[in-house]
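Here is a short briefing on one protein chain. Look at the model first, then read the points below.

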Amino acid sequence: ENGKDAVDTFNESDDFDIIFMDIQMPVLDGFGAARAIRKTHSPVRIVALTANVGEDFLQRCFDSGMDSRITKPFNVDDLLAELAKVIKY
């Protein structure tokens with residue numbers, strides 16, 4: 001429902017391989033949630049989901065600790081291509 005819930009859920013389990021993080025959430029936005037998760041030093045991959053395609057926005061994602069971004073709307077091929085970039089086999 002909101003970024004604080006995302007952080008709390010992550011902290012309760014810490015058993016995630018990847019997090020798809022919406023940017024515009026109430027209480028705590030995706031940038032703040034990513035920063036909070038990064039404070040745990042977990043290697044979890046965080047991928048922003050956003051309609052914003054600007055390069056300055058992508059840099060904000062990286063600066064907050066996210067690994068990548070998928071712009072909405074996206075299709076399955078876009079999703080798989082991005083996953084291949086962030087997941088190490």
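How many helices and strands does the secondary structure of the protein chain come to? It comes to four helices and three strands. Helices (H or I, at least four residues) and strands (E, at least two) are DSSP runs, numbered from the N terminus. Along the sequence the pattern reads α-β-α-β-α-β-α.

This is a predicted model: local features need pLDDT of at least 70, side-chain atom pairs count only at pLDDT 80 or more, and totals for chains, interfaces and linings use all residues. Residues are numbered from 1 along each chain as its sequence is written, and side-chain values use heavy atoms, with hydrogens and water left out.

**Overall shape**
- The C-alpha trace spans about 30 × 30 × 20 Å along its principal axes.
- Of the 89 residues, 38% are buried (under 20% relative accessible area, with a 1.4 Å probe and protein chains only; exposed is over 50%, partly exposed in between).

**Helix H1 (residues 3-13)**
- Gly3, Val7 and Phe10 are buried in H1.
- They cover an arc of only 65° around the axis, which puts them on the same side of H1. The arc is that of the directions from the helix axis to the C-beta atoms.
- The buried residues of H1 pack against strand E1 (18-22) and helix H2 (30-38).

**Strands E2 and E3**
- Strand E2 (residues 45-50) pairs with strand E3 (residues 68-71) in the parallel sense, over four bridges. Pairing takes at least two bridges found by DSSP.
- Ala48 stands opposite Arg69 in E3.

Conventions
Contact = heavy atoms within 4.5 Å.
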